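Me: I would like to learn how to read a few features of a model, taking them one at a time. Could we begin once the structure is in view?

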Amino acid sequence: MTPAERRASASLALVFALRMLGLFIVLPVFALEAARLPGGEDAARVGFAMGLYGLTQAFLQIPLGLASDRFGRKPVIVAGLLLFALGSGIAAWAPDLTWLAIGRAVQGAGAISAAVTAFLADVTRDSVRTKAMAMVGASIALMFALSLVLAPALAAWVGLSGIFALTGALALLAIAVVIWVAPPEPREHRPSDMQQLRAGLAEVLRHRGLLRLNLGVFVLHAVQLAMWMAVPALLVAAGLPKADHAQVYLPAVVASLLVMGGVLFPMERRGRLRAAFLIAIALIGAVQLALRALADASPGLWTLGGLLFVFFIGFNTLEASQPSLVSKLAPAHARGAALGVYNTLQSVGFFVGGAVGGWLARAHGAPGLFAVCAVAMLVWLVVAWPMQAPPPSAARR
């Protein structure tokens with residue numbers, strides 16, 4: 001990477017990290033803390049309030065991605081972070097569950113993932129883009145693991161309102177990074193009018209390679225969220241209290257990132273990105289099959305930790321390579337639209353994974369849940385098999 005590319009990658013990974021820490025840190029304690037508010041005795045309403053973030057994200061990723069193509073990446077990112085901070089403030093103040101749900105919805109309206117990843121694609125070369133996306137993916141994975149460690153302590157110290165206030169402060173800090181640390185954005189590919197924007201979106205929706213990647217990110221995040229409906233219970237059954245689950249998650253995430261960095265980037269340099277991509281899908285599918293086989297056998301902590309390590313190798317590899325491939329396949333003038341569609345399917349995957357995963361766990365138990373996840377990964381592997389990694393000229397800066 002050039003110094004400018006390192007600066008862009010580090011600053012935008014930091015923006016993602018600050019925002020995702022603000023999102024993740026409420027998840028481990030949301031249900032318990034929200035139950036103390038008026039209206040919180042209804043578990044269905046609590047779940048709805050928690051999930052509203054993903055729904056508003058899904059609705060607004062494409063419009064904000066298009067807006068970033070038309071008006072520039074930085075203005076859209078700053079506006080989205082301001083919305084996230086406003087939603088955090090509403091949630092911190094919320095006197096009851098209804099206002100908490102409104103705060104979550106406003107948080108989700110700050111759907112900047114497409115704009116940030118498009119910005120990163122704009123300022124990096126094809127040859128280093130997967131590495132740049134991996135920095136973003138690593139920041140997200142580490143924030144997830146860190147949130148599992150910090151959330152219980154913060155909830156005991158400042159409560160849910162204090163955690164939401166902290167998320168608002170993190171969003172404001174991310175705005176400072178965008179304005180004063182991130183590099184200037186290039187302007188050469190910006191569409192001039194709405195007709196070009198609509199044409200770019202139509203081109204994205206017809207592109208077979210992008211459609212495969214959009215299906216993939218939906219399946220990946222649906223499976224990820226669904227399996228977490230059962231994995232914590234397996235860890236508890238193995239003798240690890242819920243408050244100590246980060247002792248398994250954090251080492252698995254960190255070790256998997258080291259393995260990914262040592263395998264994915266060399267394979268990409270040798271022109272074997274397709275092989276790395278397909279192997280990662282197969283690894284996650286194999287983990288689901290193993291969990292299906294072991295779900296009724298009370299697996300030990302070392303076994304579960306090893307399976308989670310393998311899962312995170314596959315997950316982090318796909319988190320790094322998929323948005324990189326989207327940015328390379330998409331026309332430069334429609335990069336924000338392409339990443340908007342991609343992030344919309346990611347958000348829908350979160351929602352479907354939680355809703356369907358919860359139903360499967362209740363109706364068919366952990367074995368049924370993991371069996372469906374394994375079938376979903378197999379379907380994705382079959383669909384992804386014809387893919388070809390794009391040549392360096394497939395996406396211009």
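Me: Which residue forms a salt bridge with E5, and how far apart are the closest N and O atoms?

Reply: A salt bridge is a side-chain nitrogen of Lys or Arg within 4 Å of a carboxyl oxygen of Asp or Glu. Here E5 pairs with R125, and their closest N and O atoms are 2.8 Å apart. E5 belongs to helix α1 (residues 3-24) and R125 to the loop between α6 (113-122) and α7, so the pair ties together parts that are 120 residues apart in sequence. Helices are DSSP runs (H or I, at least four residues), numbered from the N terminus. Before going on, note that this is a predicted model, in which local features need pLDDT of at least 70 and side-chain atom pairs count only at pLDDT 80 or more, while totals for chains, interfaces and linings use all residues. Residues are numbered from 1 along each chain as its sequence is written, and side-chain values use heavy atoms, with hydrogens and water left out.

Me: Is E5 buried or exposed?

Reply: Buried means under 20% relative accessible area, exposed over 50%, and partly exposed in between, with a 1.4 Å probe and protein chains only. E5 has a relative accessible area of 2% and is buried, whereas R125, at 32%, counts as partly exposed.

Me: How many salt bridges does a search of the whole structure find?

Reply: The search finds four. One of them joins D122 to R73, with the closest N and O atoms 2.7 Å apart. D122 lies in helix α6 and R73 in helix α4, so this pair ties together parts that are 49 residues apart in sequence. Salt bridges that share partners also join D69, R73 and D122 into one network. D122 is buried at 8% relative accessibility, and R73 is buried at 4%. Another salt bridge brings together the side chains of R36 and E33, at 3.5 Å from N to O; R36 is exposed at 66% relative accessibility, while E33 is buried at 13%.

Me: At what angle do helix α4 and α7 pack?

Reply: Two packed helices are described by the angle between their axes and the distance between the axes. The axes are lines fitted to C-alpha atoms, for helices over the stretch in contact, and angles run from 0 to 180 degrees between N-to-C directions. Helix α4 (residues 73-93) packs against α7 at about 165 degrees, with the axes 8 Å apart. Angles under 35 degrees count as roughly parallel, over 145 as roughly antiparallel, 65 to 115 as roughly perpendicular and the rest as oblique, and α4 and α7 are therefore roughly antiparallel to each other.

Me: What is the angle between helix α9 and helix α12?

Reply: Helix α9 (residues 208-227) and helix α12 (residues 273-294) pack at about 30 degrees, with their axes 12 Å apart. That angle makes α9 roughly parallel to α12.

Me: Which residues make the nonpolar surface patch?

Reply: Patches are made of residues with over 30% relative accessible area and no salt bridge, like charges being joined within 9 Å and nonpolar side chains (Val, Leu, Ile, Met, Phe, Trp, Tyr) within 5 Å. Here L142, L146, V149, L150, L250, V254 and L258 make a nonpolar patch of about 520 Å², with accessible areas taken from the Shrake-Rupley method with a 1.4 Å probe, where for residues only the protein chains shown count as cover. Helix α7 (126-180) and helix α11 (246-269) each supply at least two of the patch residues, and α7 gives the most, with four. L258, found in helix α11, is exposed, with a relative accessible area of 65%.
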